[in-house]
Amino acid sequence: MTDAAAELDEIVHQRSRLGILAVAYEVESVDFSYLQRNLQLTPGNLNGHLTALESVGLIRVSKSFRGRRPLTSISITSAGRKAFRAEIARLKAIIARADAADVARSSDRPVSRATLRDPPLRTT
Amino acid sequence: MGESPRAAREALVESRRLRFGTRADRRGAWLVLVLFGIATLVALPLYRIRVSCLPSLRCTSQAGPPAAVAGIYVFTTSGVLRLCYWSVAFIIVFSITFAHYRRLNAMTGVRGKTRPMIRIGLLLLALVLVAGGLIVPLGIRLGAFGTAPLLIIAVSLAVLAVYERSAGTVGLVGGYWILAAFSLFYNDANELRRVHLGGPFTGSWSLLPNLVVPGTYLILTGLLLLSSHRRFLRPMRQSGVSHD
């Protein structure tokens, strides 16, 4: 992995930033207040995350006015879409690896007589 | 990077939840369906067919249905009125749609894409206006005489459903496609009468099912979407999403 890719990965990896990308991925643009409300972040905290994402070109932040109220809109870039999809794929791979390891462990484990008599219910 | 499977699972679940919530917040297709439904039903009087007999031709029955036998009856419907009506109706529906989504954006804070639907709808409308009176294969008459506006509605709604990314909307619009196709075949030549599916809708109101069925379907499905949307949003809003 190159330094730039590793940096990008590190930025997207953070939970709140992944949340910002998840929301922006679904829409043309999203308001600052929507992100703040749904991610339950303070304005300062959210601003920090947005600056980090904008600095690596994953989102675009534009400021305008709705009536007299200032309005900050966030939209995802194509690089942001790519990074978000990559992060989701990475998370899925981690889960798949863990599930595969669980299956392998359970098949190696000796089966007791009690388990054979009353097999446990699978709850997934 | 050493992330635990549990943390990965939590991040994935949370991300999915946020995406579903955002999609739900930007949805507003119900109003578009209802508006198109109303526009279709209001157009009904314009589709009344006045059947008259040309003196030079032999007419076998008096108040005959718009027969498939060419040359006996002539249809005297106001195609120009229909075209004018649909042009104005589409512009009104698209304008309200645009305003509706803008209002939704101001209320929720998320903006979806509506321009592609409006662009494609207006483009198709222009095409139909240009090709007015043109008969395409299968006997479907575009423009002044046929039910081509239903096809424009179907395509516009399909574009909207794809951009809204809602399986429910896609399914309901799929149902409308079937009805629109049916309406195009159940045309002014009343093709289905040939296979005895014309039913009681003959004569002046032979085009009644073409508009009443799809129009009513759109209104009902629009209201259904609205109620299911509200049901879906309630638990989403109550549960909330927490981040650290």
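**Close-up views of a predicted two-chain model**

**View 1. Chain A as a whole.** Of the 124 residues that make up chain A, 39% count as buried, a value that, like every other in these legends, is computed from a predicted model. The chain holds 6 helices and 3 strands, and from the N terminus on these elements follow one another as α-α-β-α-α-β-β-α-α. Among the contacts in chain A between residues at least 6 apart in sequence, 53% join residues at least 24 apart. The accessible surface of chain A is about 7600 Å², and 54% of this area belongs to carbon and sulfur atoms.

**View 2. An open sheet with strands from chains A and B.** The sheet consists of 4 strands in the order β2(A)-β3(A)-β1(A)-β3(B), with antiparallel pairing. The edges are taken by β2 (59-66) of chain A and β3 (110-111) of chain B, each of which has a single partner strand, so one side of each is left without a neighbour in the sheet. Where the two chains meet in the sheet, β1 of chain A (residues 29-31) and β3(B) pair in the antiparallel sense over 2 bridges, and A:S29 stands opposite B:R111 of β3(B).

**View 3. The hairpin of chain A.** Strands β2(A) and β3(A) are paired in the antiparallel sense over 8 bridges, one of the residue pairings being that of A:K63 with its bridge partner A:T72 in β3(A). The two strands form a hairpin with 2 residues between them, and in the turn A:G67 adopts a positive phi of about 70°.

**View 4. Two helices of chain A across the sheet strands.** Helix α2 of chain A (residues 15-26) lies across β1, β2 and β3 (69-76) of that chain, and runs at about 90° to β3(A). Helix α3 of chain A (residues 32-39) lies across β1 and β3 of chain A together with β3 of chain B, and runs at about 70° to β1(A).

View 5. Is B:N105 buried or exposed? Its relative accessibility is 5%, and because buried means under 20% relative accessible area, B:N105 counts as buried. Leaving aside residues up to four places away in sequence, B:N105 touches A:D31 and A:R66 in chain A, as well as B:V110 and B:R111 in chain B.

View 6. A search of the whole structure finds 6 aromatic pairs over all chains. One of them, formed by B:Y85 and B:W86, is edge-to-face, with 5.3 Å from centre to centre and 70° between the planes, and both of these residues are buried. Ring pairs link B:Y85 and B:W86 with B:F36, B:F90 and B:F94 into a cluster. In chain A, the charged end of A:R81 sits over the ring of A:Y25, at 4.9 Å from the ring centre.

**View 7. Positive phi angles in two loops.** A:Q40 has a positive phi of about 50° although it is not a glycine, and this residue is found in the loop between α3 and α4 (43-55) of chain A. With a relative accessible area of 48%, A:Q40 is partly exposed. In chain B, B:R165 likewise has a positive phi of about 50° without being a glycine; B:R165 lies in the loop between α5 (148-164) and α6 (167-185), and is partly exposed, with a relative accessible area of 37%.

Definitions and conventions:
Residues are numbered from 1 along each chain as its sequence is written. Chains are lettered from A and ligands numbered from 1 in the order in which they are written. This is a predicted model: local features need pLDDT of at least 70, side-chain atom pairs count only at pLDDT 80 or more; totals for chains, interfaces and linings use all residues. Side-chain values use heavy atoms; hydrogens and water are left out. Two strands pair if DSSP finds at least two bridges between them. Contact means heavy atoms within 4.5 Å. Axes are lines fitted to C-alpha atoms, for helices over the stretch in contact, and angles run from 0 to 180 degrees between N-to-C directions. Rings of Phe, Tyr and Trp (its six-membered ring) pair if their centres lie within 6.5 Å; planes under 30 degrees apart count as stacked, over 60 as edge-to-face and the rest as tilted. Buried means under 20% relative accessible area, exposed over 50%, partly exposed in between (1.4 Å probe, protein chains only). A charge sits over a ring if NZ of Lys or CZ of Arg is within 6 Å of the ring centre and within 35 degrees of the ring normal. Accessible areas come from the Shrake-Rupley method with a 1.4 Å probe; for residues, only the protein chains shown count as cover.
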